[in-house]
Each structure stands twice: as C-alpha cells, then as structure tokens.
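Grab a pencil and open the structure viewer. Try each exercise yourself before you read its worked solution.

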Amino acid sequence: MNNCKQIPGGGFLITETSPEHTFIPEDFSEEQRLIAKTTEDFVRGEILPRIDEIEVQQEGVAEDLMRQAGELGLLMADIPEAYQGLGLDKASSALITEKMGMAGSFSVTHAAHVGISTLPFVFYGTEEQKRKYLPGLGRGDIGSYCLTEPGSGSDALAAKTTASLSNDGTCYLLNGSKQFITNARWAKTFVVFAKINGQDFSAFIVERGMPGVSIGLEEKKLGIKGSSTASLILENVEVPAANLLGEVGKGHLIAFNILNIGRYKLGAGCLGAAKLALEDAVRYAGERYQFKKSLNQFGLIRKKIAQMATEIFVAESATYRLVGMIDDILAGNADDHPSAEQVLEGIEEYAIECSIVKILASEMLDFVVDEGLQIHGGYGYCQEYPAERLYRDSRINRIFEGTNEINRILIPGMLVRRGLKGQLPLMKKLADLQEEVKSGRAGQCGDPAEGFLEVETRMVRNAKKATLMVAGLVIKKHLQDINEQQELLGLIAEMIIEVFALESALLRVGKLMVTMDDSREDDFALLATRNYLYAAFSRLAAHGEELLAAVLEGEQLVEMLRVLKRYLDYLPQNTVIMRDKLAAAVIEHKGYPRTY
C-alpha cells in the first residue's frame, strides 16, 4: 500500500501522522477500481432489479445470486489462492463489501457469508477443513455463523449450548439453540459455538444434513427482510471430532477476532448504502417541484444534501485509512503472503480503530437515510420509494458486530490497557500534557498559522490534547472502578471517535492538496472536511465539559474548563456558504462526488 511508518493501534491519539503515510480512496490501483466497478455493475444490473423478489425471500433468488457472485469472484477475496480463492488485500475486499452495501437485504446475506461464516475456516481451520469447505464457500455454498442465543447476546461466553465428547472420542454430541442466525434458511455449513462439558467454549463445523439439525421460523424483522434470520436448533447432533474448529476452549478467540474484521467491513458496507441513499435523495430533490422550484433549490434541502455528503466523506476517509493501516502492517509482517496468524495479529492491533469505524459509519448511515427520507416528505414513508426500505434496513447496523454501546465501552478500555501494558506511551503523554497544563502553555499555538491547512492541523492537534487531558482526569479519579463508569467511558469514546474522524479527513485532504490547482479552496474534499471540523469542535467541547463536571468541582473545575476552552478555541467560519458549495457539487454530480 503506502510502505508507511506504522503507528500502533490507538497511537493516532498520541502520534502525529503525515498525509503521505495515509491510505486514501484516491490511492486505489486500477485493478482495485476494476474490482469495484465489477461489483457495482453486478449490484445495479442483477441485484437491484430483483430487490422486490429478494424482499419477500422468493424461493431460489438468494441462492442464485450468491452463485452468480461466486462466479464473478465476489465471494473469494479473503480465501487464499491455495483453496481456490483470490487472496486479495484488505482494501480490495473492503471495496467489494462497500459496493455490495448498495444491495439492500442481499448485502447482509453476502457480508455474513464472506465474513463471519467463511473467515473462521480461513484463520482457524485445519488443512483438511480448509480444503473441504473453502472452495465451496467461494463458489456460493452459503455459510452461517451461530453465536447468539436467547440468553446470551453481547455476553457471548454465557452460551448454554453444550458439546459432549463421546466415550470413544470420535464425535461430539451438540445440544442447544442459536438465535438470530443470518443465512440460516439457506446455509449448508454452520460455525457453531458451544461449551464442551458445559465449560470449555469452543467452535464446531456443523453441516445442514447432520441428523438433529433443524431451522426455526423466519424472524419477522423491521428491516433487511430479504435476508434469512432464524434459529438453529441442535438436538443430539453428532459432530465428528475432526469438525472441532480451532482448539478446545479457545472459541472466544474465533468469536472476538472475527468480530474485529466484521466491524471495519460493516463500515465499508455502510458507505455503499449511504451513497445510494444520497443518490436517491438528490434525484428526487431534482424531480420534485414545490412553489415552482425544484426541492434542490431550497436552502434547507441543500443543507441536508451537504451534510449527508460531508458525513459520508468523513466516514469514508476513516474507513479506508484503517484498511490501509491493516494492509500496511500485514505487508510489513510477511515478504509474500501473510499467514493466518499474522493477519489476525495485524487486525487485532487495530481493534480500537475497528470499533471506531463501526460506530462512525453505522451512525453516519442512520443520519443519511433519515435525511434522505425527510427530503422525500410523505413519499419517503411509502414502500414504493427506495427511501423507505433504506431507512428500515440501516437500523440493524448499530446492533450488528457488537452493539455501538459495547463498542463505545471497548474503545477507552482498550486504550487504557494498551497504555498500562506499555504498548502505547500513553502514561508519558498524559504526564507531558499535565506539565503543559501546569505551565500555562495549554492551547498556545505559537505564531499565527497562515499556510494552507495549518489552522485545521493545529485544531486537530489541540483536539487530541483536549481529549487526552479530560480522559486522564477521569481515569485518575476512577482508576479502580473505571469499568463501572459506562457513561463516562461512552463520553470519552465520543471524543476519541471525533478525533480519529477529523484527522482522517484532514490527512486525506493533505495528501490530495499536492494535486489541487488554484481553485482548491472550493474543492469538495476540503469543504467537507472544514464543514465537519467546526461542528465537531462544538461536540468535543460539550463532551469535555460534561466529563469535567463529572469528576471535578469548585475552582479546579473552573480552571480546567478554561484550559479545555483554550484547547478547543477557534475562529468560526462561514459554514453556510461551505454547505451551499457542497450541495452544488453533489447536485451537479447527481450523487456523491468522490468515485472509484
């Protein structure tokens, strides 16, 4: 990718990153762009015309489309070539997921199959298991992943499904039920988590034809109606001992490591859905007339269009920055093709960023589809318009791959743990920051910035310091019971997410600026970044003030609020004109202006 200087997971909050060391969507190779085009052509040409059939789960449609996707190689990106896959880099794989994000319910069928249903074989399967199952999964033999149970959701280790080894040691007897299982109706293979002897949490490969395997009724869902969601019921299912996936008692490694991959891929999928929703809203706004003017001529509609595009740009910048970081660390770990262990270690290194992207992109999509429906007015509430389905389908993404609440708790928790283990120089940074605050230098920026992007760069740098300062005070007060302070952890996570989002967008613009001409002040990327920056600073200030008030009082509170204000001080800009220019660019392009 970039052959960049790698920073550790969570290091963005402490370490300065240069634009040239950042992967951005504009860096995609011609081969990657061709992969993206192939996927998008398939979605627009084969899937969207059948969306009504998909929505009612018409017999054979999903299976047929999955086979077609397999023939195009769209199920093989993460399967090594040794097992009839393509073994592509993570950026190419994410691009396929993004374009599939436009496919409505089918995108869930695809994502669950290529991600959580296939990757356990790639990373944890024995040689025999890989050769037996991976070629079929790559061709379209649909797979499923079975973790959730009626009594265990986010607390996966509380599973009740059991596995008992037979006396002769040849098979395990599985009993229990799994709930909310994607692809259950169509799957030929199931990755099932169960406790051996009620204790050792482990994973097993279960085939549909095994006696005792049955599928419950389809769930009646709010959205993603065209995807299969049902229970898997296991009654004395004899699973060969050779179908143990990974090691006994190590099922949690499979469950949690696969979730990290699912999180950044979910971010990519949300981008595709959001871009389609923006395209749909812009088309409608151009066709719908009120008071002898098209909707896209009204100021408040233009503001919505601009904000939708801004949020997409920032989430896109963050998602592919992360994907580039993962590809870079994998390239640094292996001369040729990284091993399964190296891939998992590389992705786990950036578990913090995976959670950030999952939250950022899923909530961006909810915002975009909500505004898209609003632009449609009453028609957006009618099923004949895509806005209605896009709105319903988006909601699940804040629940998939660990709820956004769970991920918010994970972000600061992982950051602190990495600091305490010495994987990040977090404690030294906090000490240096404390000294800066005591010296009265907090928020001082040196000489007035006059160069291109220098003001924005200084603002992001100060946003990092403000976030670290506030988080440090919270940790200092609640070090012994920090895991119990969920609301405080959530607010810290909000600030960390904003910092990663802001910096990702700014780094993208910084890398692009070398090719910008004299009209660069009106460039879409720069306008979107600035539009997001000033709104984000208001949110950062609000989160910081709330956190300080929760852990300080009296004169100390007053003083630290002054310091926070100095860090987050900025000169307001005319964001109204920025948004009008952004809207004009989107309307002219008939959708999101950045394409690949």
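Helices (H or I, at least four residues) and strands (E, at least two) are DSSP runs, numbered from the N terminus. Axes are lines fitted to C-alpha atoms, for helices over the stretch in contact, and angles run from 0 to 180 degrees between N-to-C directions. You're looking at a predicted model, where local features need pLDDT of at least 70, side-chain atom pairs count only at pLDDT 80 or more, and totals for chains, interfaces and linings use all residues. Residues are numbered from 1 along each chain as its sequence is written, and side-chain values use heavy atoms, with hydrogens and water left out.

**Exercise 1. Describe how helix H10 meets helix H11.**

Step 1: Two packed helices are described by the angle between their axes and the distance between the axes. For H10 (residues 340-349) and H11 (residues 351-376), the axes come within 5 Å and cross at roughly 65 degrees.

Step 2: Look for contacts, meaning heavy atoms within 4.5 Å. H10 brings Ile347, Glu348 and Glu349, which meet Ala351, Glu353 and Cys354 of H11.

Step 3: Sort these residues by type. Ala, Val, Leu, Ile, Met, Phe, Trp, Tyr, Cys and Pro count as nonpolar, Asp, Glu, Lys and Arg as charged, and the others, Gly among them, as polar. The contact of H10 with H11 then has three nonpolar, no polar and three charged residues.

**Exercise 2. Check the length of helix H18, then work out where its buried residues sit.**

Step 1: The expected span of a helix is 1.5 Å times one less than its number of residues. H18 (residues 554-567) has 14 residues, so it should span 20 Å; its end C-alpha atoms are 21 Å apart, which agrees.

Step 2: Find what's covered. Buried means under 20% relative accessible area, exposed over 50%, and partly exposed in between (1.4 Å probe, protein chains only). In H18, the buried residues are Leu557, Met560, Val563, Leu564 and Tyr567.

Step 3: Now check both sides. The buried residues of H18 pack against helix H14 (426-439), helix H15 (454-478) and helix H17 (524-551). On the face turned away from that buried side you'll find the exposed residues Glu555 and Lys565.

**Exercise 3. Repeat the length check for helix H16, and say how many of its residues are buried.**

Step 1: H16 (residues 486-512) has 27 residues, so at 1.5 Å a residue it should span 39 Å; its end C-alpha atoms are 39 Å apart, which agrees.

Step 2: Of the 27 residues of H16, 24 are buried, so the helix is mostly covered.

**Exercise 4. Trace the strand partners of S2 and S3.**

Step 1: Two strands pair if DSSP finds at least two bridges between them. S2 (residues 162-165) and S3 (residues 171-182) run antiparallel and are joined by four bridges. Thr162 has Asn175 of S3 as its bridge partner.

Step 2: Inspect the hairpin of S2 and S3. Five residues lie between the strands, and Gly169 takes a positive phi near 75 degrees.

Step 3: Follow S2 to S4 (residues 189-196). These two run parallel, with two bridges, and Thr162 is partnered by Lys195 in S4.

Step 4: Follow S3 to S7 (residues 229-240). They run antiparallel, joined by nine bridges, and Lys178 stands opposite Leu232 in S7.
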